[in-house]
Amino acid sequence: MPLTKIIGGGVAASGSILQIVHVLYDTEQSLTQSANTPQATGLTATITPTDVTSKILVTYSLCTSSNNTGAAYGGYHMIYHDIGQTGSDTAFNSRFFGSRFGQYSNYQMANSGGQIYHDHNTTSAIDYTVYIDNNNAATIYINRGGSGDTALNGVSSITLMEIGQ
């Protein structure tokens with residue numbers, strides 16, 4: 001494995017960060033869930049890789065709450081991607097990359113996150129979107145911790161790092 005690689009006329013060490021995209025998402029969102037049907041959140045970021053052999057490290061933190069209580073009403077999430085911005089998101093696999101957690105009172109807000117190292121093999125723009133699901137028909141709130149306008153609200157974020165190989 002080479003220690004350096006020529007990229008765009010410059011020299012970049014293997015493992016170096018070529019670019020970073022960071023999105024801070026504070027829009028409140030309400031998603032009425034159907035059991036076992038993942039829905040897109042507004043937590044999305046786009047990166048255009050500079051090198052076909054680079055990798056993308058996706059890291060996110062999602063702030064959620066629910067209008068129901070109990071362990072079965074917590075949300076769980078995963079990252080989807082769309083290479084070339086075709087409008088068709090694809091899950092990396094059928095497993096959830098985030099965590100599933102319960103809530104012990106209505107609108108209890110919690111942040112949880114996940115990450116994935118994506119071997120993309122393209123220089124086309126890639127959209128990454130966090131999807132959320134639960135196994136009950138509950139309402140999941142993004143960045144909202146209460147039932148009214150005076151409620152304590154949260155924030156979510158996603159960071160994309162292109163890493164040279």
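User: Which residues does histidine 81 touch, not counting residues up to four places away in sequence?
Analyst: Histidine 81 touches Ser88, Asp89, Thr90, Phe92, His118, Ile126, Asp127 and Tyr128. A contact here means heavy atoms within 4.5 Å. This is a predicted model, in which local features need pLDDT of at least 70 and side-chain atom pairs count only at pLDDT 80 or more, while totals for chains, interfaces and linings use all residues. Residues are numbered from 1 along each chain as its sequence is written, and side-chain values use heavy atoms, with hydrogens and water left out.

User: Where is histidine 81 found?
Analyst: In strand E7, which covers residues 76-83. Helices (H or I, at least four residues) and strands (E, at least two) are DSSP runs, numbered from the N terminus.

User: Is histidine 81 buried or exposed?
Analyst: Histidine 81 counts as buried because its relative accessibility is 12%. Buried means under 20% relative accessible area, exposed over 50%, and partly exposed in between, with a 1.4 Å probe and protein chains only.

User: What separates the C-alpha atoms of histidine 81 and threonine 46?
Analyst: A distance of 9.5 Å, with the two residues 35 apart along the chain.

User: Which sheet has E7 in its order?
Analyst: An open sheet of four strands, in the order E5-E10-E7-E8, with antiparallel pairing. Its edge strands are E5 (39-47) and E8 (90-91), each pairing on one side only. Two strands pair if DSSP finds at least two bridges between them.

User: How many bridges join E7 to E8?
Analyst: Two, and the strands run antiparallel. In that pairing, tyrosine 80 has alanine 91 of E8 as its bridge partner.

User: Switching to rings. How many aromatic pairs does the structure hold?
Analyst: One. The rings are those of tyrosine 80 and tyrosine 131, with centres 3.7 Å apart and planes at 20 degrees, so the pair is stacked. The pair links distant parts of the chain, since tyrosine 80 is in strand E7 and tyrosine 131 is in strand E10 (residues 126-133), 51 residues apart. For the cut-offs, rings of Phe, Tyr and Trp (its six-membered ring) pair if their centres lie within 6.5 Å; planes under 30 degrees apart count as stacked, over 60 as edge-to-face and the rest as tilted.

User: And why does tyrosine 80 count as buried?
Analyst: Because its relative accessibility is 12%. Tyrosine 131 is buried too, with a relative accessible area of 13%.

User: How many bridges does E11 form with E4?
Analyst: Four, in the antiparallel sense, with E4 covering residues 29-32. Threonine 32 stands opposite threonine 139 of E11. Strand E6 (residues 55-66) is also antiparallel to E11, joined by three bridges, and serine 66 has isoleucine 140 as its bridge partner there.

User: What lies over the face of tyrosine 141?
Analyst: Arginine 144, at 4.0 Å from the ring centre. A charge sits over a ring if NZ of Lys or CZ of Arg is within 6 Å of the ring centre and within 35 degrees of the ring normal.

User: Last one: how many helices and strands does the chain come to?
Analyst: Zero helices and twelve strands. Of the 165 residues in the chain, 44% are buried.
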